[in-house]
Amino acid sequence: MTANPRARYLAETVATASPARLVCMLYDRLVLDIVNGRDALLGGDKMLADKHLRHAQDIVFELRGSLRTDQWEGGPRLASIYCWLLKELVQA
């Protein structure tokens with residue numbers, strides 16, 4: 001059992017979330033990582049920016065890996081957005 005109550009709460013929230021809610025949570029964290037990465041870059045902290053932007057890349061890889069492009073007509077377009085976003089994150 002985790003000693004940190006906040007960590008335990010977050011773990012239980014993720015463990016009990018529906019698949020749709022998990023995707024929303026990933027998007028929320030992706031936006032937070034991108035904003036924090038941008039702010040770190042603007043502040044000159046390249047190490048912190050790298051940390052946030054790499055985590056954002058991990059999230060996009062996870063989203064892209066779980067995308068079933070053959071299940072709906074928008075799937076291939078969303079996949080191309082994920083590919084574009086990955087390129088932008090790497091360039092940042």
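This is a predicted model: local features need pLDDT of at least 70, side-chain atom pairs count only at pLDDT 80 or more; totals for chains, interfaces and linings use all residues.
Figure 1. The axes of helix 2 (residues 19-42) and helix 4 (residues 75-91) come within 13 Å of each other and cross at roughly 25°. Angles under 35 degrees count as roughly parallel, so helix 2 and helix 4 are roughly parallel to each other. Their crossing is left-handed. Which residues of helix 2 meet helix 4? They are Tyr27, Leu30 and Ile34, and they meet Leu78, Tyr82, Leu85 and Leu89 in helix 4. By class, this contact has seven nonpolar residues, with no polar and no charged ones.

**Figure 2. Helix 2 packed with helix 3.** Helix 3 covers residues 46-66. Its axis lies 8 Å from that of helix 2, and the packing angle is about 155°. Over 145 degrees counts as roughly antiparallel, which makes helix 2 roughly antiparallel to helix 3. Helix 2 passes helix 3 in a left-handed crossing. From helix 2, the contact uses Val23, Leu26, Tyr27, Arg29, Leu30, Asp33, Ile34, Asn36, Gly37, Ala40 and Leu41. From helix 3, it uses Leu48, Ala49, His52, Leu53, His55, Ala56, Ile59, Val60, Glu62 and Leu63. How do these residues divide by class? There are 14 nonpolar, four polar and three charged residues in the contact of helix 2 with helix 3.

**Figure 3. Helix 3 packed with helix 4.** Here the axes are 10 Å apart, and the angle is about 165°. Helix 3 and helix 4 are therefore roughly antiparallel to each other. The crossing of helix 3 and helix 4 is left-handed. Helix 3 brings Leu53, Ala56, Gln57, Val60, Phe61, Leu63 and Arg64 to the contact. Helix 4 brings Ala79, Tyr82, Leu85, Leu86, Leu89 and Val90. By class, the contact of helix 3 with helix 4 has 11 nonpolar residues, one polar and one charged.

**Figure 4. Residues that take part in two contacts.** Tyr27, Leu30 and Ile34 of helix 2 meet helix 4, and they also belong to the contact with helix 3. In helix 4, Tyr82, Leu85 and Leu89 meet helix 2 and also touch helix 3. In helix 3, Leu53, Ala56, Val60 and Leu63 contact helix 2 and also contact helix 4. An α-helix has 3.6 residues a turn, so residues three or four places apart point the same way.

**Figure 5. Helix 1 and its N-terminal cap.** Asn4 caps the N-terminal end of helix 1. A side-chain oxygen of Asn4 lies 2.9 Å from the backbone nitrogen of Arg6. Helix 1 has 12 residues (residues 5-16). At 1.5 Å a residue, helix 1 should span 16 Å, and its end C-alpha atoms are 16 Å apart, which agrees.

**Figure 6. The whole chain.** The chain has four helices and zero strands. From the N terminus on, its elements run α-α-α-α. The C-alpha trace spans about 45 × 40 × 15 Å along its principal axes.

Technical notes: Residues are numbered from 1 along each chain as its sequence is written. Side-chain values use heavy atoms; hydrogens and water are left out. Axes are lines fitted to C-alpha atoms, for helices over the stretch in contact, and angles run from 0 to 180 degrees between N-to-C directions. Helices (H or I, at least four residues) and strands (E, at least two) are DSSP runs, numbered from the N terminus. Angles under 35 degrees count as roughly parallel, over 145 as roughly antiparallel, 65 to 115 as roughly perpendicular and the rest as oblique. A crossing is left-handed if the near helix is turned anticlockwise from the far one by less than a right angle, and right-handed if clockwise. Contact means heavy atoms within 4.5 Å. Ala, Val, Leu, Ile, Met, Phe, Trp, Tyr, Cys and Pro count as nonpolar, Asp, Glu, Lys and Arg as charged, and the others, Gly among them, as polar. The expected span of a helix is 1.5 Å times one less than its number of residues. A polar contact is a pair of N or O atoms within 3.5 Å; within protein, one must be able to donate a hydrogen and the other to accept it, and residues adjacent in sequence count only if both atoms are side-chain atoms.
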